[in-house]
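Open your viewer and get ready to click along. We will visit a ligand and then some strands.

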Amino acid sequence: MKQGTSIQRGANDPGLINQGRRQILLGSAGAMAAVSLLGFAPLAKAEEPKTLPDYAAWKERNALIVHSTNTMETRRDAIGQGVVTPSDRLFVRNNLPTPPESIVADRDAWEVRIEGVKNPKTMTIGELKDIGVTTTASVLQCSGNGRAFFPHGAGGTQWSVGAAGCVMWTGVPLKDVVAALGGMADGMEYITSTGGEELPDGLDPKQVTVERSVPTRALENALLAWEMNDEPLPLTHGGPLRMVVPGFYGVNNVKYVKQVAFTENQTDVKIQASSYRIRDVGEKGSPDQPSMWEMNVKSWVTSPLETGTSGRNMIYGVALGGTVPLDKVEVSIDGGKSWKAARFLGPDLGPFAWRPFVMATDLSPGEYRIVSKATDVEGNSQPEGRIDNERGYGHNGWSDHGVTVAVS
Ligand SMILES: Nc1nc2c(c(=O)[nH]1)N[C@H]1C(S)=C(S)[C@@H](COP(=O)(O)O)O[C@H]1N2
Ligand SMILES: [Mo]
């Protein structure tokens, strides 16, 4: 199903509302300097670039909103009604320039160092494949998905709903690798994964290295993946090897992973120590604040958007529970005054996958505010509003994520 060629921001896309702020952000000299240091071509204007960057040229252009050369999100109308997000529609988010294609030339030869186990070892993907293989469907979602809805001007990519997708990952369970290497060393509390990007000259590695620590409770489900959606993991998404931590925010899923270390403490690199920390607006990030680890329960409507036809209507959307299975999704066509249970659609690919849903309803001509609210089996539900925080992380408020539809 190809999208039409004309690309317009709709009324339900907060990118439109926030255009002014984005212009200011992009125009600031400090931000520009920081961006070009990392080797990205800064955008001259706040307008959406017309073309995809080379490393993502294989993607379906019309399914994506291109925010910059390092950030692209899936359009709300391109998420589709299936469980798995096609790879060419999946969002992209790079903190550093993508490594060269040469790293995927001989995939099985890629090496990953495993530290903090009884018998530390450098292993090739070929050797990992001898240990075991599993497939896990899980939602990959950026911590800042929904950031565009924050009115305080949260810094970072102005993601709407599309910095998320549901992916089938194939690789070796990390716990099997640990067992093969004699088990975890004593006293380790975190799994610390390091990305394989070469760092641009002159930058302090502590400031730019993509290295993330997650608590060892993540070992139960983590995998080192070499395939996504049943094909070799594209370089764009971290090929040849990626750490996948099901149910945890995107940043913890380290691409082109070159080291996995079991550690006593969290890494002190910036992306862990002060970035991806939840704090009040105006506050600086620091290690004592909550880190973006397990995702919260969330849902959004994917169809209809903006306009509809009166009569019987099917309202579609997707819902995720993070690490907790979903219990139910409710939909309201009157902005949250009254709710009706939606039905889950299609197969349940496990607790970390998202679940498409549908609610059938009759609509007469008029304007409708359609919202959805998911609840997990532990009773966690989406709040109505936002939980304001400096960087606009973890937004799952149902009100902002709704759509306004004119039915005629
Ligand atoms: N090595 C490395 N891993 C990374 C990143 C990165 O820039 N480098 N970005 C992280 C962030 S913030 C997100 S949201 C996801 C995005 O994954 P994707 O580009 O495959 O969609 O990768 C994470 N892993
Ligand atoms: Mo992210």
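Start by selecting ligand 1 and Lys255: an oxygen atom of the ligand lies 2.6 Å from an N or O atom in the Lys255 side chain, a polar contact (a pair of N or O atoms within 3.5 Å). The protein covers 100% of the 540 Å² of accessible area that ligand 1 has on its own, as computed by the Shrake-Rupley method with a 1.4 Å probe.

A word on what you are viewing: this is a predicted model, where local features need pLDDT of at least 70 and side-chain atom pairs count only at pLDDT 80 or more, while totals for chains, interfaces and linings use all residues. Residues are numbered from 1 along each chain as its sequence is written, chains are lettered from A and ligands numbered from 1 in the order written, and side-chain values use heavy atoms, without hydrogens and water.

Now select residues 343–344, strand β19, an edge strand (strands are DSSP runs of E, at least two residues, numbered from the N terminus). Which strand pairs with β19? It is β20, residues 355–363, antiparallel over 2 bridges; pairing takes at least two DSSP bridges. Click Phe344 to find its bridge partner in β20, Phe357. Zoom out to see the open sheet of 4 strands, in the order β14-β16-β20-β19.

Last stop: residues 403–407, strand β22, with Val403, Val405 and Val407 on its covered face and Thr404 and Ala406 on its uncovered one.

Conventions
Buried means under 20% relative accessible area, exposed over 50%, partly exposed in between (1.4 Å probe, protein chains only). A polar contact is a pair of N or O atoms within 3.5 Å; within protein, one must be able to donate a hydrogen and the other to accept it, and residues adjacent in sequence count only if both atoms are side-chain atoms.
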